[in-house]
Each structure stands twice: as structure tokens, then as C-alpha cells.
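Work through the exercises below with the structure in view. Try each task before reading its solution.

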Amino acid sequence: MNRIGGRIAVAVLAAILLVLIVLPVGVLIIGSLLSDPPRALQFNWSGLTFSNYAAVLSGQGFAALLGTTVAAALIGTAGALVIGAALAWLAVRTDVPARRLLQAVAIMPMFVPPLVGAFAWDVLASPRSGIINIVLRAMGVGVSVNIYSLGGIGFVFAIYYCPYVFLFMAAALRNMDAALEEAAAMCGAGRLRVLANITAPLVAPALLSSGLLVFVLLMEIFAIPAVLGEPGGVHVMSVRIWELIGFAPPKVNEASALGVLLLLLTVTLVILQHRFLGRRSFVTVAGKGLRSQPVRLGVMRWPLAALGMLYLACVVVLPFSALLFIALRKNLFFSSLAAMVRTSQFSTRQFTVAMNDPVVRDALSNSLLVSLATVGLGSILYFAVAYIVHRTRLPGRRLLNMIAILPVAIPGLIIGLGYLWSWISLPVGLYGTVWIIVFAYISQFAPQGVSAISATLVQIHPELEESSRLSGAGLFTTLRRIVIPLAWPGILASMILLLVLSFREFATALFLYTSSTQVFSLAMFDFWERGSTSLVAVMALAQSALLLLFITIGRMLTRRLAADQP
């Protein structure tokens, strides 16, 4: 790539990223300082005011709103750290039975949409009609489960977000120099003392990093608190932003101010994470690494394995069994165990109703179109950014990388709100089409897409490209015949990841859809609000089945491509 062409490419990519990522957030910030919504990016600069922030901060309940948001995130993060770290230790460092199965179980929730998990636990543990509570009452147990509480929401947070902790901790435990533990054991330290004084400090960076990541994700999440929090009066900031716009009279400027405050919280947490990790040395892999022997659990092998399977029951077996049960029920009103299991009340009619419902069919078509467009356009953009950042020395490449990873600190709800401000009245015909959702998704998933493709590109030695250039091949020939074929398994894996993320995404599209551009997750949420629980259960099962199909096909193709490479 010649110097002039390279600079033009960097400028074009920078302009695209600025429009996709920076512009919506910038317009949102400006909108939070205005008394009227901006139209066609025309701002009344003379009307700048902090009254929206004053209204939000001085309004009744803001302190409680912030406190509940932080408390729910803290409970969920603490639970995720305990569950994820325990599963990682069992799967990596012990002789627990079925370790490979346990590793697969630990990451399963990453492929279950949070909205689906929330629906399932609403069916399982609502205080009055939840299946678990009906079973407990039938058994004469004087205890009930309330999933609509702060603790209930924290529990659902923990079980569906602990895979992030597991991945960080499993990598840290595998890479840790086992000689340190062996030396402590030879000096007479017991198993618990080694775990507390040697293992825990060495994996503390991974624990902290994953904990901060989970906390940021839980601060911004919308789906779970919207389904489980509102019935019990547990209000969080993300749901409040939606209420300010969705309920009459709409208060879009105050919603923007609250969105900016949430953005400041998440950005601050991400900056703290990078600064903390950047100032410390966490070297634990030495040249004389010793492969450790698995910790022998003795009589605790099977009980601990059973606990791992209990986690599987909480995140997969119980939720999907409950959804299937509700999807097959004719009548959802039952107050006893006998009425609940009466066979005459089961039917497959709801599956037929869902397949013939035009809203469901259109929403599924829209989701597939949006997901495929996000994968197609996003992959091209992410590959171009990753290639310039990691395979060239062009000025401006660091700026590209910085803008591309910026959405990691921006809640999807905020990106959607920013797109609403930016495009609602521009004369380009974008608002009201599926394409505004596509562009919002491309913005939201830029960090994942660029990082995934970058990880593949850095594994290809530059000498291969240099040899192609010396042989007279141009840039595009080298990309087509050398780089892309070698990187294709990783690129395909990143495309499958984007397909899964975009098909399950919910919050980013919350402010951008119309009746004709509603995506599948939003249609589910809409039916849930209307009380169509059986239809929601069918749709949740269908969405999960499609996600499983995407993942299975993607893994098969990736393995085949990797096996075919020399």
C-alpha cells in the first residue's frame, strides 16, 4: 500500500468510525444540554442548559435509583466471581470427573440471551405463580422464592455472567507457573494455605479484570431488570431511561442526561480497569514452568461434580424446561401441582400459532436480515481496521483502534439512543428502516469484531506478505491469495460471533425500531408486556434453537477449514 493510498484509506475508515460511533454519542451529549430535541443535527446553541441534569439529579428517587443499580450489579458481580472462579478451579486444576463437560457447561450461558433467561426465571420463580414455588407449596415447605427481589435479580445476573469470569480465570490458572505451588507444598503448606497464599494472589489480576468487566456489563444491562425488576419495584438506570422516552409525556432530554450519567459511570470503570492493570507486572509464567498435577479431591470429587451439574440445571435445564412447559400449556392459570401436571392441558397449538403469526414471521425475517447485514458489512469494516492497525505503520492507525474499541464502555442502550437523536430527522431515509439498526449493531460490536480478527492477523508472519510483494503481487492480490485464506478460519469464527451477538441483541434496537422493522427480541419483549406468555416461551425456544444452530454450523466450518490448512 503506497503512502498516499494508505493515508486516504485511514482517513476514510476514520470518517466511517466517527460517523458510526462518535457522532451518536456526541449528539446524545449535546442533546442532554438542550431544552428541545435537536432536529437534523441543528442545535440551538443559545439554549444550552444543565436543567436536564438538575431535574434528573434532584428528582425524587435518583439516589435510590443509583443505589439499586450499583447494588444489583455488585451482587451479580460477587456471585459471578464466586461461581466462575470455582468452576475454573475445578475444571482446570482438580481431578473432578468430567472436566471437559464442566468446561463446556461453564460457558453455555454466553449463548443464552439474557432476555430468554429472564423470561425463564420469571416463569420459574415468580412469587405467586412460579413453578418452583408451586412445587415447594405442594411439598409443604414454608419457604418461597421471589425472583422479583434485588437478590433474585442478582442471582440471575450471576449465573448468566459468570462465564466471563470463568474464561479469565481458566486462562490464568492454565498459564500460572505450577512450580510456585509445588514449592509451597514441599515447605509443608497445606492445600488451603497454598490456595490462599499462592494461587489466589497470582490469579488476582484475572479475577479483578473479569470482575470489573462483569460489573460494567451489569450496570448497563436492560433486559433482565426490565423483566424481573419492574414487577417487584426494583428500578435501575437503564430501565428508567427507557421509561422516560417510552411513557407519556416523553422526556427525551432528561433521558439523554441520565444516559450520559450512565455512560460516565461505565467509562470511568473501564478507565480504572486499564490503569490498574497497566501499572502492574503480573508475570506468573516462568521459563522453568512445571506442569502441575491435578489437585486430588478424594471423596469430594463427585459432590463437587454434582455442584457443577447443578449450575447446568440453573442455566439450561430448569429454564428451558420451564419455557417448554409454558409453551405446551393450554391454560397458564394453575395453583396446585396436580393442576400443573394435568396432561389434558398440554398442546402444541402455541407452536402453530407462533409460526402463523405475521408479527413473529416478520420479526424473524428482520432479525435474520439485520444479523446477516451486520456480519457482512461489519466484517469488511473490522477487517480493514484490524489490517491497518496491525499490519501497517500508517499514521493514524492508533486512532482507528481507539475509536473501534470505544463502544466497549458505551452501553448498547446509549448507542441506540444516540442513533435516535442523530438520524430521526435527517433527510437520508435511514430512520424507520432496518439499516439504522444494522449500523447501530456495527457500532456496538466493533470491539468484539476488531479484536477477534486482530487475534487472527497477528498469527500470520509478515514474511508471507513480503514474499508476495517481492514477487510482484499488489496489495489486493496479496490479501486475496495470502492473508485472507490463512486468516479465514479466524475471520469465520468472528463472523459467527457477530451473527450470534446481533441476533440476540435487544437494548441497542430499543429506540430504533418501528412496527415494520421490529426484530425478534423486541417482538418477544412486546408480547411479554402484553401478557402473551405462551407465545413468548415459543419464541424464546425458537431463538435459542437458532443460536445453537448458528454456533454448531460455525464450529463445524471452522474446524474443517482449520484442518484443511497446511
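**Exercise 1.** Find what share of the contacts with a separation of 6 or more joins residues 24 or more positions apart.

*Solution.* The model is predicted. In the protein, 77% of the contacts with a separation of 6 or more are between residues 24 or more positions apart.

**Exercise 2.** Describe the protein by secondary structure, burial and surface.

*Solution.* Start with the elements: there are 24 helices and 0 strands. Next, burial: of the 566 residues, 49% are buried. Last, the surface: its accessible area is about 26,500 Å², and carbon and sulfur atoms hold 66% of that.

**Exercise 3.** Classify the ring pair of Phe 222 and Trp 242.

*Solution.* Count the aromatic pairs: the protein has 15. Now place the residues. Phe 222 lies in the loop between helix H9 (191-220) and helix H10 (223-228), while Trp 242 is in helix H11. They are 20 residues apart. Both Phe 222 and Trp 242 are buried.

**Exercise 4.** Do likewise for Phe 503 and Phe 520.

*Solution.* The centres lie 6.4 Å apart, with 20° between the planes. This pair is stacked. Phe 503 belongs to helix H22 and Phe 520 to helix H23, 17 residues apart. Phe 503 and Phe 520 are buried.

**Exercise 5.** Which residues join Phe 222 and Trp 242 in a cluster of ring pairs?

*Solution.* Phe 119, Phe 506, Phe 525 and Trp 528 are linked with them.

Notes: Residues are numbered from 1 along each chain as its sequence is written. This is a predicted model: local features need pLDDT of at least 70, side-chain atom pairs count only at pLDDT 80 or more; totals for chains, interfaces and linings use all residues. Side-chain values use heavy atoms; hydrogens and water are left out. Rings of Phe, Tyr and Trp (its six-membered ring) pair if their centres lie within 6.5 Å; planes under 30 degrees apart count as stacked, over 60 as edge-to-face and the rest as tilted. Helices (H or I, at least four residues) and strands (E, at least two) are DSSP runs, numbered from the N terminus. Buried means under 20% relative accessible area, exposed over 50%, partly exposed in between (1.4 Å probe, protein chains only). Contact means heavy atoms within 4.5 Å. Accessible areas come from the Shrake-Rupley method with a 1.4 Å probe; for residues, only the protein chains shown count as cover.
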